[in-house]
Amino acid sequence: MDIKENLDRIKAELPEGVRLVAVSKTHPAEMLQEAYDAGQRLFGENKVQEMTAKSRLLPQDIEWHFIGHVQRNKIHLMAPFVSVIQGVDSFGSLVEIDRQAARFSRHITCYLQLHIALEDTKFGFSPDECTAMLEKGDWKNLEHITIGGLMGMATNTDDEAQVLAEFRRLRNLFDTYKAKYFSDYPEFNTVSAGMSGDYRLAVSAGSNMVRIGSSIFGERFYGTNR
Ligand SMILES: *Cc1c(COP(=O)(O)O)cnc(C)c1O
């Protein structure tokens with residue numbers, strides 16, 4: 001695996017304006033450093049302790065995105081350094097992120113995770129739940145967070161039409177919310193969708209942030225406890 005070669009190939013393929021999150025979960029800090037040396041600054045991790053440990057070993061100008069399920073009792077661990085928490089799926093989590101960001105005099109961007117896939121194992125707001133939360137408006141009082149966009153994962157299937165329809169749905173929700181709740185919020189600007197197996201479809205459906213792991217770093221090997 002030549003990390004630089006992989007990054008260069010993927011970046012050359014992404015249209016202007018589409019950001020690339022290098023998903024480095026399970027890989028050692030040396031591999032992230034290699035990507036960093038190739039110019040990558042945006043990394044995604046899905047375990048809070050793992051991300052925290054790596055953040056201590058790596059350069060300070062990395063933009064860390066947490067892309068895992070948010071456990072409220074771990075937010076304080078990443079609050080000192082995380083840039084974006086993707087995958088927020090409850091108002092309670094937003095409140096806790098806001099509280100922890102305030103404690104560290106910081107501002108944290110959050111993406112709302114929408115459940116767009118057929119599988120019911122994936123986390124996220126249903127569109128109705130998300131709309132209800134936005135309609136209620138309490139989020140506007142949270143001064144240490146910014147809602148920066150939406151995040152979603154498509155069904156894990158070879159049916160491209162299905163996957164494309166799910167990504168389009170996410171983009172449509174983004175456009176609807178932008179017009180209805182965020183027209184005065186330029187920071188609400190991101191649709192985070194697409195992984196190694198489906199990022200081309202996601203981009204064609206209007207995603208402007210892809211989260212790519214294995215196509216950059218190779219396969220992941222998990223220990224016996226996973
Ligand atoms: C692991 C992961 C990815 C990247 O997956 P690959 O298939 O390795 O590209 C993207 N998003 C989330 C939320 C992940 O957990």
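Colleague: Which pocket does the ligand take up?
Modeller: The ligand takes the space of the largest pocket, a pocket being an open set of points on a 1 Å grid over the protein atoms alone, where a 1.4 Å probe fits and protein lies on both sides within 12 Å along at least five of seven lines. This is a predicted model, in which local features need pLDDT of at least 70, side-chain atom pairs count only at pLDDT 80 or more, and totals for chains, interfaces and linings use all residues. Residues are numbered from 1 along each chain as its sequence is written, and side-chain values use heavy atoms, leaving out hydrogens and water.
Colleague: And which polar side-chain atom lies 2.7 Å from a ligand oxygen atom?
Modeller: That atom belongs to Arg-220, while an N or O atom in the side chain of Arg-211 is 2.9 Å from a nitrogen atom of the ligand.
Colleague: What about the backbone of Gly-213?
Modeller: A polar backbone atom of Gly-213 is 2.8 Å from an oxygen atom of the ligand.
Colleague: Changing topic, how many helices and strands are there?
Modeller: The protein has nine helices and eight strands, counted as DSSP runs (H or I, at least four residues, for helices; E, at least two, for strands).
Colleague: And what does its C-alpha trace span?
Modeller: Along the principal axes, the C-alpha trace spans about 50 × 45 × 35 Å.

Terms used. Polar contact = N/O pair within 3.5 Å; in protein donor to acceptor, adjacent residues only side chain to side chain. 1 Å grid on protein atoms, 1.4 Å probe; cavity = no way out; pocket = protein on both sides within 12 Å on 5 of 7 lines; lining within 4 Å. Sits in = over half its atoms within 2 Å of the grid points.
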